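Please read the following note alongside the sequence and the model.

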Amino acid sequence: MLNNIFTSIITNGTFTGTEFAIATVTALVCGFIIAASYIVKNKCSRSFVITLVLLPAIVELVIILVNGNIGAGVAVAGAFSLVRFRSTPGRGQEITSIFLAMAVGLATGMGYIGVAILFTLILSLLNLILNLSKLGSMDETYRILKIMVPENIDYEGKFEDIFDKYLSTYTYEEVKTSNMGSLYKITLSVALKAGISTKEFLDEIRTRNGNLDISLGRQLENPESL
């Protein structure tokens, strides 16, 4: 029984209408499962979700048509090489989901329906568990503090007493000039003490930086990094 899962329904590169329908439906169902497991705890566009759903079926169609035909395979590869994909760099999990969808498309295109379903269920479940467990996520107690300071104010040692009063820890991450060098933009990674009023904290900083812009927000994951 277990061996039947790893058996292809397509033999010698030929297929029937029923086999093609089974492979296509399986690819679409697996695409839905992959997309559904990805959107849990992940922010993504509607376009990317649709791509995950349809990609296995598209790859399956290409593979099933060129199966056993080397000449057709080379021709298809040449046609696809003319396409230029231009998009922003993706996160590691986005790239992994795309590769998973392509792998499922390859499996269904070669007739390995059981392998495609089993592979999809196992990896989608594992992906779901890892997302819900927040493995490797950033510490939500940390914030990013950005302070604008006029060039005529020596920012070194200017705010440390306020930081010691309101913050449990802080680290200077970046200092750069802005507005043609007339302003300094200071970026820090900070953690507020328990029970601290954010308004009081920012108000005290405003009295020191000339009432210029101040922002305090959560650390954001860089979408261009893996």
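**Note on helix packing and the sheet**

1. The axes of helix H3 (residues 46-66) and helix H5 come within 7 Å and cross at roughly 30°. Here axes are lines fitted to C-alpha atoms, for helices over the stretch in contact, and angles run from 0 to 180 degrees between N-to-C directions. Helices (H or I, at least four residues) and strands (E, at least two) are DSSP runs, numbered from the N terminus.

2. On the source: this is a predicted model, in which local features need pLDDT of at least 70 and side-chain atom pairs count only at pLDDT 80 or more, while totals for chains, interfaces and linings use all residues. Residues are numbered from 1 along each chain as its sequence is written, and side-chain values use heavy atoms, with hydrogens and water left out.

3. H3 passes H5 in a right-handed crossing; a crossing is right-handed if the near helix is turned clockwise from the far one by less than a right angle, and left-handed if anticlockwise. Among the H3 residues in this contact (heavy atoms within 4.5 Å) are Phe-48, Leu-52 and Glu-60, and H5 contributes residues including Glu-94, Ala-101 and Val-104. The contact of H3 with H5 divides into 12 nonpolar, 4 polar and 2 charged residues. In this division Ala, Val, Leu, Ile, Met, Phe, Trp, Tyr, Cys and Pro count as nonpolar, Asp, Glu, Lys and Arg as charged, and the others, Gly among them, as polar.

4. Helix H2 (residues 17-39) also packs on H3: their axes come within 8 Å and cross at roughly 155°. The two helices are therefore roughly antiparallel, a term for angles over 145 degrees. H2 passes H3 in a right-handed crossing. Phe-20, Leu-28 and Phe-32 are among the H2 residues of the contact, and Phe-48, Leu-52 and Glu-60 are among those of H3. Its residues divide into 17 nonpolar, 2 polar and 1 charged.

5. H5 (residues 92-109) packs with helix H6 (residues 113-133) at an angle of about 165°, with their axes 8 Å apart. H5 and H6 are therefore roughly antiparallel to each other, and H5 passes H6 in a left-handed crossing. Val-104 of H5 and Phe-119 of H6 are among the residues that make this contact. The division here is 8 nonpolar, 5 polar and no charged.

6. Turning to the sheet, 4 strands form an open sheet in the order E2-E3-E1-E4, with antiparallel pairing; two strands pair if DSSP finds at least two bridges between them. Strands E2 (167-178) and E4 (214-218) stand at the edges with a single partner strand each, so one side of each lacks a neighbour in the sheet. On average, neighbouring strands are turned by 20° against each other, direction ignored.

7. Helix H8 (residues 198-206) lies across E1 (142-150), E2, E3 and E4, running at about 145° to E4.

8. The count of salt bridges (a side-chain nitrogen of Lys or Arg within 4 Å of a carboxyl oxygen of Asp or Glu) comes to 4. In one of them, the side chains of Arg-208 and Asp-161 meet at 2.9 Å, N to O. Arg-208 lies in the loop between H8 and E4 and Asp-161 in helix H7 (residues 160-166), so the pair ties together parts 47 residues apart in sequence.

Methods
Parallel < 35°, antiparallel > 145°, perpendicular 65-115°, else oblique.
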